[in-house]
Amino acid sequence: MLKKLYVVYLVVFFGISIGAIVIGSYGINDQQSHIYVLPNGYTGWVEIRYEQEGSPPLIREGKEYVHLIPRTGILNTSDSPTSGEMKFYR
């Protein structure tokens, strides 16, 4: 009896684990990438202000959002913030 219960426990545990991995992988692969292009020689903090009325949306290249950071270090955009991989370029 105890052995059957243990086998059922293992089957349920592995089923839930595999399901979590599949669902997690789908969510990660569906995320957008963010490219941040800094002005040449720029040092300092960068501030991105999302959901700013009257501001342009971010440039999109496929599944990537391009953030062209101005010399002020402050970028206003009408887009909402999203999660994803970040890449920085000068």
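Which pattern does the protein follow when read along the sequence? In this predicted model, for which local features need pLDDT of at least 70, side-chain atom pairs count only at pLDDT 80 or more, and totals for chains, interfaces and linings use all residues, the pattern is α-β-β-β-β-β-β. Residues are numbered from 1 along each chain as its sequence is written, and side-chain values use heavy atoms, with hydrogens and water left out. The protein has one helix and six strands, assigned as DSSP runs numbered from the N terminus (helices, H or I, at least four residues; strands, E, at least two).

The radius of gyration, taken over C-alpha atoms, is 22 Å, whereas a compact globule of 90 residues would have a value near 12 Å, the globule rule being 2.2 Å times the number of residues to the power 0.38. Along its principal axes, the C-alpha trace spans about 70 × 30 × 20 Å. Of the contacts (heavy atoms within 4.5 Å) between residues at least 6 apart in sequence, 69% join residues at least 24 apart.

The accessible surface, computed by the Shrake-Rupley method with a 1.4 Å probe, comes to about 7100 Å², and 64% of that surface belongs to carbon and sulfur atoms. Helix α1, residues 2-29, contains V7, which is partly exposed because its relative accessible area is 43%.

How values were computed
Buried < 20%, exposed > 50% of the residue type's maximum accessible area, 1.4 Å probe, protein only.
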